[in-house]
Amino acid sequence: FQDSIVEQIVTALEVHLSDGAQVLGWRREAGDPRAYQQFLSARAALKEYSRAGNARARAGYASALAVTPDFVSALVGLARTHIEDATFGWSPEQAASEQEALRLLDRAFALSPNHAMARLELGHLLLVQGQLDAAWQEALRAVESDPNLADPLHALALVLVCLGRHAEALRYIREALKLNRGVPEFYLIAMAEAYVGLRRFDEAAQILRQIIDRRPEWLMARALLTICLVGLGQSREATAAVEAIRRLSPGFTATRWRRRLFY
């Protein structure tokens, strides 16, 4: 009985302070505290957006599935690691990574045909493949499957940024931030991208500096900040921002970065 009370308190805190109502579905699907803990560790590693973090995330999701084989969100997370491989060129064969992601998503849909997170990642895969309109439709379906989840709203905002519909993207990302009180940096990146698309460089720069304070090695935030500084006519600051990027990643080039963007 005491364990049950503690779990209820922890869950309530997670909902209020971190990932919102998504937590309830993850805990329910996990069915076992060990699977849930592995899932959370994998999600944290995934959000590092690095090759090493992606590898740790894959191992964590696999461990969660070893405990609870029908843990749908863990299946979806595992698929996401293969989508990240395809996105960033972390695997030798992009097509093989995409195929494995699709296979895992098919398993997820077999267990839960209208699973919002599975819809989200199918939309993400279509985005990577350059099918923007189809990605938008899947992101819409993900939101419609469960309007109270934050991640599908973020995904829809990201697709809208890629379609050049920046004002709409801002509306959805603000809704996502209301539902996810943890204010994850990858939500804020989407907001900054929308502001950049609207040429509201000052607002975008404020957000990007906030992200860099938390995660100084995130090159995406630094590259976007450079664009904002150029847009604001702050050439000296822009040069300093470029130099900071080159110190962190000497092989970084605009051409290589451009290949990883969907817009």
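Predicted model: local features only at pLDDT ≥ 70, side-chain atom pairs only at ≥ 80, totals over all residues.

Modeller: Residues are numbered from 1 along each chain as its sequence is written, and side-chain values use heavy atoms, with hydrogens and water left out.

Biologist: At what angle do H2 and H3 pack, and how far apart are their axes?

Modeller: Two packed helices are described by the angle between their axes and the distance between the axes. Helices are DSSP runs of H or I, at least four residues, numbered from the N terminus. Axes are lines fitted to C-alpha atoms over the stretch in contact, with angles from 0 to 180 degrees between N-to-C directions. For H2 (residues 22-30) and H3 (residues 33-46), the angle is about 130° and the axes are 8 Å apart. The two are therefore oblique. Angles under 35 degrees count as roughly parallel, over 145 as roughly antiparallel, 65 to 115 as roughly perpendicular, and the rest as oblique.

Biologist: Which residues of H2 and H3 meet?

Modeller: Contact means heavy atoms within 4.5 Å. From H2 come Gln22, Val23, Trp26, Arg27 and Ala30; from H3 come Ala35, Tyr36, Phe39, Leu40 and Arg43. After H2 comes Gly31, with a positive phi near 70°.

Biologist: How are H9 and H11 oriented?

Modeller: Helix H9 (residues 150-162) and H11 pack at about 30°, with axes 10 Å apart. That makes H9 roughly parallel to H11. Among the residues that meet are His154 and Leu158 in H9, and Tyr187 and Ala190 in H11.

Biologist: Which residues touch the most other members of the largest nonpolar core?

Modeller: In soluble globular proteins, nonpolar side chains tend to be buried together. A nonpolar core is a set of buried Ala, Val, Leu, Ile, Met, Phe, Trp, Tyr and Cys residues joined through side-chain atoms within 4.5 Å. Here the largest has 87 residues, and Tyr61, Phe71, Ile173, Ile189, Leu208 and Ile211 touch the most other members. Helix H11 (residues 185-197) gives the largest share, 10 residues. Beyond four places in sequence, Ile173 contacts His154, Ala157, Tyr187, Ala190 and Met191.

Biologist: Is Phe201 buried or exposed?

Modeller: Buried means under 20% relative accessible area, exposed over 50%, partly exposed in between (1.4 Å probe, protein chains only). Phe201 has 10%, so Phe201 is buried. Phe201 lies in helix H12 (residues 201-214). Not counting residues up to four places away, Phe201 touches Val196, Ile227, Cys228, Gly231 and Leu232.
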